[in-house]
Structure formats: structure tokens, C-alpha cells
2 protein chains.
Amino acid sequence: MKSKITSFDIAYKAGVSQSTVSRALRNSPLVNEETRLKVQAIARELNYKVDKNASNLRSQQSGTIALLLFEDPTNDDSMINPFFLAMLGSITRACANAGYDLLVSFQQMANDWYADYEDTHKADGIILLGYGDFVDYEEKLKQLIEQNTHFVRWGSEVKHLPVVSVGCDNFLGGYDATNHLIKLGKQHIAFIGEASEHAPEFQDRYLGHCRALDDAAIGHPESLQIDAVSTEDSGYQAMKELLESDTKVDAVFGSSDLIAIGAMKAIHDHGLKVPNDIAVVGFDDIPISGYTYPPLTTAKQDTTLAGELLVDHLLKMIGGEMVGTTLMPTTMVVRKSCGAA
Amino acid sequence: MKSKITSFDIAYKAGVSQSTVSRALRNSPLVNEETRLKVQAIARELNYKVDKNASNLRSQQSGTIALLLFEDPTNDDSMINPFFLAMLGSITRACANAGYDLLVSFQQMANDWYADYEDTHKADGIILLGYGDFVDYEEKLKQLIEQNTHFVRWGSEVKHLPVVSVGCDNFLGGYDATNHLIKLGKQHIAFIGEASEHAPEFQDRYLGHCRALDDAAIGHPESLQIDAVSTEDSGYQAMKELLESDTKVDAVFGSSDLIAIGAMKAIHDHGLKVPNDIAVVGFDDIPISGYTYPPLTTAKQDTTLAGELLVDHLLKMIGGEMVGTTLMPTTMVVRKSCGAA
DNA sequence: CTGAAAGCGCTTACAG
DNA sequence: CTGAAAGCGCTTACAG
């Protein structure tokens with residue numbers, strides 16, 4: 001029964017031209033109110049829908065945004081960072097509000113990614129979330145810039161490249177998190193997370209962490225910074241290593257909630273208590289963080305606002321407007337894991 | 001610099017016709033090897049990409065699948081069920097493997113949903129994940145059927161409707177979960193989750209739960225079934241209510257991991273211990289479940305396989321094949337929350 | 001194996 | 001306010 005209905009069928013039924021049907025359905029002011037209503041009524045009656053391929057081809061735009069989500073290669077679906085998934089939710093919603101569809105693609109850094117969504121006219125612009133290694137990723141960004149692709153990315157400002165980013169003030173967020181622990185009297189605060197150019201967000205958090213310690217005249221020996229990627233497992237291993245090294249530690253700043261959650265598990269498995277023996281704070285405020293044991297104190301990134309800003313910035317760029325990088329503040333969400341409550 | 005390159009430009013450069021370019025780029029066997037390589041080389045050199053709108057319009061297919069994710073209306077992004085998000089990951093991956101793009105849409109039951117992705121030729125078929133209230137949702141399914149839309153859904157078999165589903169054997173999963181608790185000597189096992197026709201999956205789990213109790217000659221009084229939707233908060237409230245009611249309970253089967261996690265928090269807040277005072281099992285095995293305190297024992301649904309099956313079934317339907325509903329088994333993942341380990 | 005031609009279903013100048 | 005016509009960039013019979 002799916003014999004295709006076209007605008008010509010509607011035109012015939014309504015006794016007008018196909019051009020008029022096209023205008024009426026797009027609510028063009030060029031068409032008579034009465035005509036418009038009649039055409040729309042008939043279209044509804046016949047369950048007619050404009051063929052997007054045809055209209056996109058003709059008007060040379062897609063009404064679609066592509067979201068490229070990068071993760072380290074892994075075939076484990078469960079490894080998708082819940083923080084990004086929360087972002088995905090808010091981005092989808094923001095797109096829908098703006099009348100855009102969202103094409104989602106999980107990219108492995110291994111593949112020939114920057115999947116040409118804009119070049120193939122499937123999308124008007126691209127949102128980039130995450131990256132494996134920042135140094136590799138930077139090369140890809142250069143390609144996108146060269147191709148004049150419209151895109152925004154989530155993250156810290158990219159130096160030396162004309163890239164529009166939306167991100168959090170990771171330095172300040174890291175400062176606040178560590179400062180919170182200092183205020184609670186902690187003296188030996190470990191930082192878990194890779195603090196290198198390969199992970200600029202973590203690095204900024206680490207620099208904020210160090211600044212807070214400096215301001216309080218507390219040292220930050222190298223032995224208290226342990227590399228980890230943003231998974232529970234990595235946080236667990238890093239914390240385990242730290243505990244087994246007999247380094248003195250009374251608090252931990254996990255550079256993501258997943259890391260902090262893994263660290264808490266390692267602390268428990270080691271026979272110690274959070275926050276009594278070791279206080280813990282995280283970064284992100286993923287949905288689960290209020291339900292860990294104990295509930296996790298963390299520097300919250302506002303994913304709702306982030307999604308809105310990403311879409312807003314991208315749409316402006318597509319429209320030819322100039323936009324700059326936006327950094328949002330983080331807010332401390334104090335729960336039990338730090339020992340404050 | 002984005003003056004549009006078309007297949008005619010490639011044809012001109014290669015000294016062949018545009019038809020040949022089109023064939024060469026799609027690796028048609030109708031084209032000479034040498035010609036094909038030359039054309040492809042030139043296309044690459046000029047960074048030419050086939051315009052999807054044009055090719056889709058002409059060939060009347062989109063190479064795209066739409067994923068519609070339903071949740072109860074809420075403006076909180078964090079409420080997106082991590083189980084569905086894990087599914088999203090595996091569906092995206094399965095689509096990519098099949099050469100399809102994925103259009104994602106979060107639907108609120110309130111809206112005029114079934115967003116006509118197939119009618120507008122933006123997608124060749126639709127995958128449905130979740131639903132608010134099943135009774136309302138069933139009406140929407142009827143519309144999709146009426147429109148001859150190609151779609152598959154995640155969930156239990158739908159009775160009396162010609163709908164293809166992929167889901168888990170919730171009855172057996174529920175049976176296994178409760179049976180596991182029985183084997184550990186539990187006698188007063190509560191079920192938290194709505195066990196009504198409005199949530200058939202939960203209902204099936206409940207029926208499996210009851211059957212296991214029947215088989216062991218243990219009662220299942222109504223007082224031990226508390227309604228809850230699939231959120232930590234709802235699980236927390238339900239458990240709190242149960243604890244305050246002074247009903248005797250030595251174990252809890254949360255009909256989703258989120259519910260179980262919320263319940264564990266309520267048990268802790270009530271001053272009791274998991275699993276010593278009350279054992280807990282969940283359902284799903286979401287990523288976080290290995291990192292809760294204590295780690296959650298749960299009936300795992302294999303999201304990777306689920307995503308593959310959903311895409312596989314849908315693609316077959318699009319291709320005109322007949323496919324039926326598939327029910328996958330669940331597997332018990334035993335961790336500490338049940339007291340077995 | 002290759003090319004000339006038709007046509008997918010729209011939108012948008014252009015003319016009135 | 002409306003219509004006739006062109007054309008977006010492909011794919012696919014059709015003919016050779």
C-alpha cells in the first residue's frame with residue numbers, strides 16, 4: 001500500500017499547482033491563507049510527507065547535525081563514558097528544539113573517521129565529543145579546518161588552532177575540588193588521572209589542583225600523581241598501586257567520577273574507609289555519583305547547558321556568524337565521600 | 001573554497017562519462033578495473049564525495065536507520081537509563097558494521113512522536129527503545145503497523161499485534177534471580193518494580209519471581225511487592241517505604257539495577273547492611289553495577305548481542321525477509337550484594 | 001564495458 | 001498570490 005504520494009498528487013486534489021503545494025506546506029507567506037489550509041488539510045488526509053532527500057537536494061542543506069563520539073578502541077559497549085552519554089541526551093534535546101535531526105556515530109580513533117558527514121551532505125555541521133589521545137586528535141582537527149567543515153567540540157580551548165570549543169573551566173574546577181579537601185584539613189592529597197598534553201582537560205584539572213596546594217603552602221610531590229584514563233578500572237588500579245606503595249595519603253582527587261568510583265572501591269578492598277581514612281572527590285557529577293557508597297562529592301559539569309551551547313554555537317557557525325570558545329564554570333556538589341557532611 | 005565538485009567534474013578529468021564515474025565509485029562490476037582505479041584516484045585527489053541526498057533520492061533509500069528512545073517526560077538529562085545508553089552504543093556499532101547511519105531521537109510520549117522518519121525518507125526503518133506507559137505505547141505501535149513502517153522494538157513479545165521484538169526472557173531471568181536468593185536461604189524476598197500491564201517486562205520478571213517462590217513453597221504476599229519505575233530514586237523511595245513498614249524482609253529483587261542501587265542506598269541509610277541484613281539482586285548489569293558498594297549481583301542482559309539482533313532483524317525486514325521475535329537468555333552475574341561470594 | 005538520457009521529488013527564481 | 005519551468009546531483013534502464 002505504499003505507492004508513493006508526491007506533491008503533485010496533493011496539487012491535483014487541491015486544484016492548485018505543485019509549486020503552491022510546496023509553498024503552502026512550508027507556510028510560505030506567499031500563499032493565500034485559504035489555499036494554505038486546504039492544501040495542508042489534504043496533505044494530512046493523505047498522510048503525505050515531504051521527501052527529505054528531494055528537498056535537501058534542492059535546497060542544499062540537510063537539517064541534520066552529526067555527533068561524533070570518540071573513545072579509545074574497545075569492543076566493550078559498557079566502556080562508553082556516562083558523562084558523554086549525558087551530553088548526548090542534552091545535545092539530542094537541543095537539536096530537536098532547534099528543529100534539527102541528530103546523526104550519531106561512535107568513532108574509533110583507528111578508523112578513517114571525520115566521516116565526511118558534511119561533505120556527503122548528510123549533515124550541516126558536526127559536534128565532536130571526546131578523543132582518544134589529544135595529540136593524534138589534533139591532526140584530525142586540522143583536516144576538518146582545511147575542509148572548511150562546520151564543527152564545534154567539547155573540551156578545553158585548543159591552542160594555536162582556529163577551533164570553537166565549549167567546555168568547563170577545568171583549571172578552576174580542579175582548584176575548587178582540591179581546595180575543598182584542603183579546607184577539610186587534608187594534607188596529603190593524591191591526584192589520579194593522566195596529567196599530560198595527551199589529556200588537556202585532566203592536565204588543567206591537575207594544574208588547578210597544584211595551584212590550590214601551592215596557595216595553601218602544601219606540597220604536591222610526584223608520588224601523589226598517578227596516571228589513569230577515565231574508567232572505574234583504571235581508577236581502581238591506580239589507587240591500588242598508590243595504597244600498596246605506602247605513600248601517605250589522606251585524600252584523593254579523581255579527575256573524573258569514574259576514576260573516583262574505582263578509587264573508592266580500591267580503598268574499600270584495601271580495608272580502609274571513605275571518607276574516614278581517605279576522603280575522595282571526583283569530577284563530572286555523572287548520574288550515578290549520588291548513589292555510590294558513600295555518595296561522591298564532585299565538581300559538577302552542567303551537561304544540559306553544555307549541550308545547548310554546543311548546538312547553539314554550531315548553528316550560529318552554520319548560519320555564518322562568528323562565535324568564540326565558551327568556558328562554563330563547574331560547581332562543587334558536596335556529598336559524603338569527602339567527609340564534609 | 002567549497003565550490004561543489006560533482007561527478008561531472010570527475011568524469012571530465014577522467015575522460016569518461018558521468019555514468020561511468022557513478023559506477024566506478026560504487027565498485028560496479030560493470031566497469032573496467034583500470035577505469036575504476038583511475039576514477040577513484042581522481043575522486044580521492046579532488047576530495048569528492050557522493051551527495052547522499054541525490055543518491056538517496058534517485059535510489060529511493062537512505063542507508064539510515066532511526067532510533068527512537070522513549071522515556072517518561074522529564075527535563076532531566078541524567079534520567080536516561082544507562083541500560084538504554086549501553087544499547088545505544090551497541091546499536092550504533094551494529095549499524096556502522098552494516099554500513100548504515102543512525103539517526104537518534106529521544107522521544108517524549110507527550111509529543112507527536114513516531115516522527116515519520118521513514119515517511120520522509122530519512123530512514124529505511126526504525127528501532128524502538130523503551131516506552132513510557134505500555135498501554136499508551138501500544139496505540140502508537142498500531143499506527144506504525146498501519147503505515148507499513150519497518151520497525152523492530154526492544155522488549156517482551158507484544159500479544160495480539162504483528163510486531164517484531166527482540167528482548168530477554170524476563171520470566172526466566174526473574175526466576176533465576178529469585179531462585180539464586182532462595183538457594184542462599186532467603187525466605188522473605190521483596191520485589192521492587194511495577195508489576196502490571198503498564199510495564200510488561202517488569203511484570204514478566206515478577207511472574208518469574210513468583211514462580212521461583214512457588215517452586216520452593218515460599219509465599220509471595222502482596223506486601224512484598226512495591227511499585228517503582230526504573231530509577232535509583234524510585235528504588236530508594238520504594239525500599240524506604242518497605243523498611244518503614246516493618247515488613248519482614250531478608251532479600252530484595254530490584255527489577256532493574258537502578259532500582260536495586262537505590263534500594264541499597266535506602267538500606268544503608270536505614271542503618272542496615274547489604275548483604276548481611278538484606279541481600280540484593282538487580283536486573284540488567286549496567287556498567288556501574290560492578291562498582292557499587294557492595295558490587296551488585298544481577299541478571300545480565302547482553303546488550304551487545306541485543307543491538308546486533310535488533311539491527312539484523314530490521315535490515316532483514318527492510319530487505320523483505322520475514323523475521324520473528326527473538327528472546328535472549330539472561331545470565332546471573334554473582335557479586336557481593338547477594339552474600340554468595 | 002561504456003555513454004546518452006530519463007527521472008527521483010522537491011525548491012526557487014522568473015513571469016505574470 | 002499563483003503557475004510553468006529549470007535544476008539540485010545522482011542512479012539506472014536502455015542501447016550499443
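# Close-up views of a predicted protein–DNA model

Chain A is divided into three domains: domain 1 (7–50), domain 2 (64–167 + 303–329) and domain 3 (170–301), with bounds that come from an automatic or database domain assignment. The C-alpha centres of domain 1 and domain 2 of chain A lie 37 Å apart. This is a predicted model, in which local features need pLDDT of at least 70 and side-chain atom pairs count only at pLDDT 80 or more, while totals for chains, interfaces and linings use all residues. Residues are numbered from 1 along each chain as its sequence is written, and chains are lettered from A and ligands numbered from 1 in the order in which they are written.

**View 1. An open sheet of six strands in chain A.** Let us begin with the strand order, which is β7-β6-β8-β9-β10-β12 (chain A), with mixed pairing. At the edges are β7 (225–226) and β12 of chain A, each pairing on one side only. Helix α7 (residues 170–183) of chain A packs on the sheet, where it touches β6 (189–192), β8 (251–254), β9, β10 and β12 of chain A. The direction of α7(A) makes about 165 degrees with that of β9(A). Helix α8 (residues 200–215) of chain A lies across β6, β7, β8 and β9 of chain A and runs at about 170 degrees to β6(A). Such angles run from 0 to 180 degrees between N-to-C directions, with axes fitted to C-alpha atoms, for helices over the stretch in contact. Helices (H or I, at least four residues) and strands (E, at least two) are DSSP runs, numbered from the N terminus.

**View 2. Strand β10 of chain A and its two partners.** Strands of a sheet pair through backbone hydrogen bonds, either parallel or antiparallel. Here, two strands count as paired if DSSP finds at least two bridges between them. Strand β9 (residues 279–284) and strand β10 (residues 297–300) of chain A run parallel and are joined by four bridges. Strand β10(A) is also joined to strand β12 (residues 331–333) of chain A, by three bridges, and these two run antiparallel. Follow one residue across: A:Lys300 is the bridge partner of A:Asp284, and A:Lys300 also stands opposite A:Thr331 in β12(A).

**View 3. B:Leu67 in the largest nonpolar core.** This core has 176 residues, and A:Leu67 and B:Leu67 touch the most other members. A nonpolar core is a set of buried Ala, Val, Leu, Ile, Met, Phe, Trp, Tyr and Cys residues joined through C-beta atoms within 7 Å. Beyond its neighbours within four places in sequence, B:Leu67 has contacts that include B:Leu88, B:Ile91, B:Ile127 and B:Leu129. Residues are in contact if their C-beta atoms, placed from the backbone, lie within 7 Å.

**View 4. The surroundings of the DNA strands.** DNA strand C is surrounded by 25 residues, the closest being A:Ser7, A:Ser22, A:Ala54, A:Ser55 and A:Arg58. A residue is near a strand if its C-beta atom, placed from the backbone, lies within 6 Å of it. With five residues, α4(A) gives the most to the surface near DNA strand C. DNA strand D also has 25 residues around it, and the closest are A:Ser17, B:Ser7, B:Ser22, B:Ala54 and B:Ser55. For the surface near DNA strand D, α4(B) gives the most, with five residues.

**View 5. Where chain A meets chain B.** The contact takes 45 residues from chain B and 45 residues from chain A. On the side of chain B that touches chain A, two or more residues come from each of α4, α5 (82–97), β2 (101–108), α10 (257–269) and α11 (303–318) of chain B. Helix α5(B) gives the most to that side, with eight residues.

View 6. Most residues other than glycine have a negative phi, and most peptide bonds are trans. Between B:Val274 and B:Pro275 the peptide bond is cis, with omega about 5 degrees. B:Pro275 is placed in the loop between α10 and β9 (279–284) of chain B. B:Asp246 has a positive phi near 65 degrees and lies in the loop between α9 (232–244) and β8 (251–254) of chain B. B:Asp284, found in strand β9 of chain B, has a positive phi of about 135 degrees. Is each aspartate buried or exposed? B:Asp246 is exposed because 7 other C-beta atoms lie within 10 Å, whereas B:Asp284 counts as buried because it has 29 C-beta neighbours inside 10 Å. A residue is buried if 20 or more other C-beta atoms lie within 10 Å of its own, exposed if 12 or fewer, and partly exposed in between, with C-beta atoms placed from the backbone.

Technical notes. Contact = placed C-beta atoms within 7 Å.
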